[in-house]
Amino acid sequence: MTREAGMALGRLSERAFAVVAGAWPVEPPAPDDVRLLLDSADEATADALKAAASRARDSGLGPRLVARALIEISSYCGNSCRYCGLNACNRLARRYSLSEDEIVESASRAFRAGLRTIVLQSGEDGRDTAELSAIIGAVKRAGFRPDAVDGAGYPAVTLSLGERPEADYAAWKEAGADRYLMRMETGDRELYAALHDGRGLDSRLACHAALRRLGYQLGSGIMVGLPGQSVSGIALDLASMAGGRYAMLGIGPFIPHPDTPLGDETPGDMGLALRATALARICSPWSWIPATTAMASQERDYRVDALLYGANVVMPNFSPAYARGAYAIYPGKRCAAESDDEQRPERATDSLRRLADAAGLAVDPGRADDAWL
Ligand code: 5AD
């Protein structure tokens with residue numbers, strides 16, 4: 001972008017212009033500049049953010065798209081996050097727990113489609129620690145490629161199982177887990193406390209610290225458009241996440257679930273979520289950033305838009321069909337409507353290639369490990 005084009009953005013300050021024009025990572029972006037850009041809903045800002053975010057992604061990680069297979073292993077949850085449809089107080093939620101065989105079979109379908117990362121996600125279901133260790137080992141073995149020449153014979157296993165004691169995280173690392181996803185959701189302490197009964201942000205950050213100590217590749221992230229969330233709060237979150245050098249960052253719009261206390265609240269704004277994705281990319285050039293399922297579950301599928309705003313990961317759902325429908329964090333989840341047919345290896349590969357083509361990216365079949373190291 002030329003300086004003239006930057007100045008034509010008019011409402012942008014000099015320093016905000018530096019952010020979109022790519023002065024970072026020489027100079028970290030200031031939250032005030034990030035806030036200004038988050039607040040600019042005009043087309044010129046959108047174009048500038050797309051260009052700057054794509055450049056940051058391509059210079060940090062290359063113009064690549066990677067896919068991670070998501071398997072939702074249980075919808076039981078003992079936590080009571082007020083935004084989430086799986087919260088313990090929702091008596092209408094459908095609860096299930098996949099057996100080891102079901103999980104390994106789902107993972108095997110993902111391996112046949114060429115994916116090299118399996119994400120095992122659940123509510124805080126209290127599953128036995130050793131049972132989960134056995135599942136991790138079984139998934140790693142099921143994906144082993146004896147002929148791998150790139151040193152990546154074993155697939156990556158990512159866990160997203162919520163807050164557990166450090167000893168559990170240690171046991172799962174020992175069993176072969178590589179990564180852990182746990183969004184901070186919001187870094188605004190008061191808002192966090194209002195959204196989570198009986199648990200504060202410190203407990204989540206303590207889990208992050210434990211996971212890092214144990215050598216996990218760590219993912220964080222936030223929801224955008226939570227009731228009571230401010231744009232300056234989002235800007236602070238993006239700056240603090242950049243400082244945290246997370247291997248992965250997930251950002252998605254808040255979607256009200258009718259059977260939760262936030263059921264009547266306004267949904268998060270898609271434009272704001274996309275600008276937050278672009279700014280997360282600009283602030284964190286080496287993080288893997290997904291075009292999230294929440295972005296696919298709007299009035300249309302916004303995943304290609306997210307890729308154009310700097311994302312570089314998609315997470316196709318490989319849960320069994322009955323589980324995809326029941327795992328209702330929010331309503332209208334895109335993959336819930338998909339048939340088993342969508343998971344056939346050739347279909348999964350096709351749809352990945354289509355997304356990559358539409359965003360001008362090349363499909364990368366590798367594990368896509370932490371790139372900050
Ligand atoms: N809308 C959007 N995202 C949600 N999540 C949970 N509930 C909702 C909702 N109602 C997100 C949280 C969580 C991730 C698994 O899903 O950020 O970390």
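Reader: Before we start, what counts as a disulfide here?
Author: A disulfide is a pair of cysteine sulfur atoms within 2.5 Å. This is a predicted model, where local features need pLDDT of at least 70, side-chain atom pairs count only at pLDDT 80 or more, and totals for chains, interfaces and linings use all residues. Residues are numbered from 1 along each chain as its sequence is written, and side-chain values use heavy atoms, with hydrogens and water left out.

Reader: How many disulfides, then?
Author: The count is zero. For Cys84, the nearest cysteine sulfur belongs to Cys81, 6.2 Å away.

Reader: Is Cys207 buried or exposed?
Author: Cys207 is buried (under 20% relative accessible area, with a 1.4 Å probe and protein chains only), at 8%. Cys84 is buried too, at 14%.

Reader: OK, ligand. What surrounds it?
Author: Residues with a heavy atom within 4 Å count as near; they include Cys84, Gln121, Met223, Phe254 and Tyr330.

Reader: Which side chains have N or O atoms by a ligand oxygen?
Author: That of Glu185 has one 2.5 Å from a ligand oxygen, and that of Arg183 has one at 2.9 Å. A ligand nitrogen is also 2.7 Å from a polar backbone atom of Ile255.

Reader: How much of the ligand does the protein bury?
Author: 87% of the 410 Å² that the ligand exposes when taken alone, by the Shrake-Rupley method with a 1.4 Å probe.

Definitions and conventions. A polar contact is a pair of N or O atoms within 3.5 Å; within protein, one must be able to donate a hydrogen and the other to accept it, and residues adjacent in sequence count only if both atoms are side-chain atoms. Buried means under 20% relative accessible area, exposed over 50%, partly exposed in between (1.4 Å probe, protein chains only).
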